[in-house]
Amino acid sequence: MAKQLRVLFVASEGVPFAKTGGLADVVGTLPDALKDLGVEVKVLMPYYGALKQGKISTATVAEDLEAPLPYPLNLAFDLMAPTSPDYPFYFVARDEFFERSQLYGTPKGDYFDNLERFAFFSAAVLPVCQALDFHPHVIHCHDWQSALAAVYLKNRWQGEPVLAGAKSLLTIHNLAYQGLFPQDRYHLLGLDWSLFCIDGLEYYGQINLLKGGIICADAINTVSPTYSLEIQTPELGYGLEGVLRHRAAVVSGILNGVDYAEWSPETDPLIPAHFSRKDLKGKAADKAALMEAFGLDRSRAQAPILAMISRLADQKGFDLVAQVLPQLMARDVMVVILGTGEEKYHRWLEKEAPKYPGKLGVKIAFNNQLAHLIEAGADMFLMPSRYEPCGLNQIYSMKYGTIPVGRATGGLVDTITPVNPKTGKGTGFLFEEYSPEAFLKALHTALADYENQKLWPKIMQNAMSQDFSWKVSARAYLDLYNRLI
Ligand code: ADP
């Protein structure tokens, strides 16, 4: 019998415990898919304040473990875990670091001590494995917040019996967030100064945690094949394209899967009416509920709803949305936007909404229930992203027959097949150039096809038949782990 593979996920968020974006969906769902393939996965995450009030109860597993960092970060922490065996999570609990209202910062900026917080968290991997007597074959790090675990494994933990032979994988969910900190805090990390160099964690005089991970991890992957190539170019490499090209032999892309147990119009408990490919009736009821929730004008029910659910960040193409909005709103459409993020976009949306009463519905919030209602009730989903490592919303949208209009970048290329009106094939609309003209052209094409009562139902059928479940992607991760060890 093949030996059972043991993997430790080290991640700063994971559903259902903490989420700011797609990373959480992956960390919350990939472990289950791997378990189905016979892999033993444990997930290590910080114990955020919100977990204390959460619906899932937790209990202490071990007390007074110590982060193996130099003074003053050689601090004690407790290890917590959900009391239900359904979740393979463990939590690093140290309130001064993690009992905050947000995960990484407020709209005004990042928390001042993110270096301390996530160095502490990454260093906790060793004492946690010791306390649990868990000998992982692979330490699977996610983004800059846990990239240091790969650095520690290679440079500090080689002699540790519990980690003997362990390899590291770093998954980059978004290269733009790198964990940059001033060099005068380098001593906190417990790493030799020889690593603070161009072939190490140094980046134009600063500490770059993600770069450290890219250099030290045994393998690196991104969350779509297209993005894994794009990050090796100056356009989307965010200054790390050279380092990534240097490691190109171990860089790959694995498309994220999605959890259809959560995101299926047939069973979704968060939407008022269920529907399916064969029976679309419920979608009209969901559209009505969505219009109600966003204060849209009931008399417009025949017009399509174009929706966005997003972090309000430059990445997501809101500058393009701002530029096309007047022309778009001049048409017979309704637009719904749900998001939180940068304050400049909060202000902009609050200014725009009153200009189009009953036609533009905006909610500045992070609200999962509303996200489900939008996927179910809208007709099109807009993702004019500047770049998109994978993107989950276009995948969810397709399942709900909500047709994506996105920019041809990253995971959007790998998941959306452009509509061909002649053959009736295709699942959405893509535009190449990052410009308002190109975006508007795609919108006009999509709106024209929406009017075509023969074509649109076909597009909906095509989209709803897509299957991006974790099965395929989990198998790809398993192959990658096996190649590593
Ligand atoms: P990213 O990880 O770059 O933010 P993704 O499309 O990969 O983008 O994943 C975003 C996830 O976060 C999706 O599950 C989406 O529904 C969710 N999400 C984003 N913003 C909100 C919001 N304001 N309210 C509810 N869910 C949101």
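Tutor: Start with Asp332, which counts as exposed at 52% relative accessibility. Keep in mind that this is a predicted model.

Student: OK. Which side chain does Asp332 meet in a salt bridge?

Tutor: The side chain of Arg300, at 3.9 Å from N to O.

Student: Where do Glu388 and Lys316 sit in the chain?

Tutor: Glu388 lies in the loop between β18 (380-383) and α14 (393-399), while Lys316 lies in the loop between β15 and α11. They are 72 residues apart, and the pair links distant parts of the chain.

Student: Are Glu388 and Lys316 buried or exposed?

Tutor: Both Glu388 and Lys316 are buried.

Student: What about Glu342, which residue is its salt-bridge partner?

Tutor: Lys344, with the closest N and O atoms 3.6 Å apart. Glu342 is partly exposed at 29% relative accessible area, and Lys344 is partly exposed at 40%. There is also a network of salt bridges that links Lys52, Asp95 and Glu99.

Student: New one. Where is Lys359?

Tutor: Lys359 is in the loop between α12 (343-352) and β17 (360-364).

Student: Which side chain of opposite charge is nearest to Lys359?

Tutor: That is Asp332 again, 5.5 Å away. A salt bridge needs the nitrogen and oxygen within 4 Å, and Lys359 has none, although it is buried.

Student: Which backbone oxygen does the Lys359 side chain reach, then?

Tutor: The one of Met329, at 2.5 Å. Leaving out residues up to four places away in sequence, Lys359 also touches Arg300, Ala330 and Val333, among others.

Student: Now the nonpolar part. Which residues touch the most other members of the largest core?

Tutor: Leu189 and Ile214, in a core of 105 residues. Helix α6 (residues 143-155) gives the largest share of this core, eight residues.

Student: Why do such side chains end up together?

Tutor: In soluble globular proteins, nonpolar side chains tend to be buried together.

Student: What is Ile214 in contact with?

Tutor: Setting aside neighbours within four places in sequence, the contacts of Ile214 include Leu170, Ile172, Leu240 and Val243. Arg247 is on that list too.

Student: Last topic, the ligand. Which residues come nearest?

Tutor: Of the 19 residues around the ligand, the nearest are Lys19, Gly22, Arg311, Lys316 and Ala365.

Student: Lys316 again. How far is its side chain from the ligand?

Tutor: An N or O atom in the Lys316 side chain is 2.8 Å from an oxygen atom of the ligand. Lys316 also forms the salt bridge with Glu388.

Student: What other distances to the ligand's oxygen atoms are there?

Tutor: For Asp25, a side-chain N or O atom is 3.3 Å from an oxygen atom of the ligand. For Leu392, a polar backbone atom is 2.9 Å from a ligand oxygen atom.

Definitions and conventions. Residues numbered from 1 in each chain as written. Predicted model: local features only at pLDDT ≥ 70, side-chain atom pairs only at ≥ 80, totals over all residues. Heavy atoms only, no water. Buried < 20%, exposed > 50% of the residue type's maximum accessible area, 1.4 Å probe, protein only. Helix = DSSP H or I, 4+ residues; strand = E, 2+ residues; numbered from the N terminus. Core = buried A, V, L, I, M, F, W, Y, C linked by side-chain atoms within 4.5 Å. Contact = heavy atoms within 4.5 Å. Lys, Arg positive; Asp, Glu negative; His and termini not counted. Polar contact = N/O pair within 3.5 Å; in protein donor to acceptor, adjacent residues only side chain to side chain. Near = heavy atom within 4 Å.
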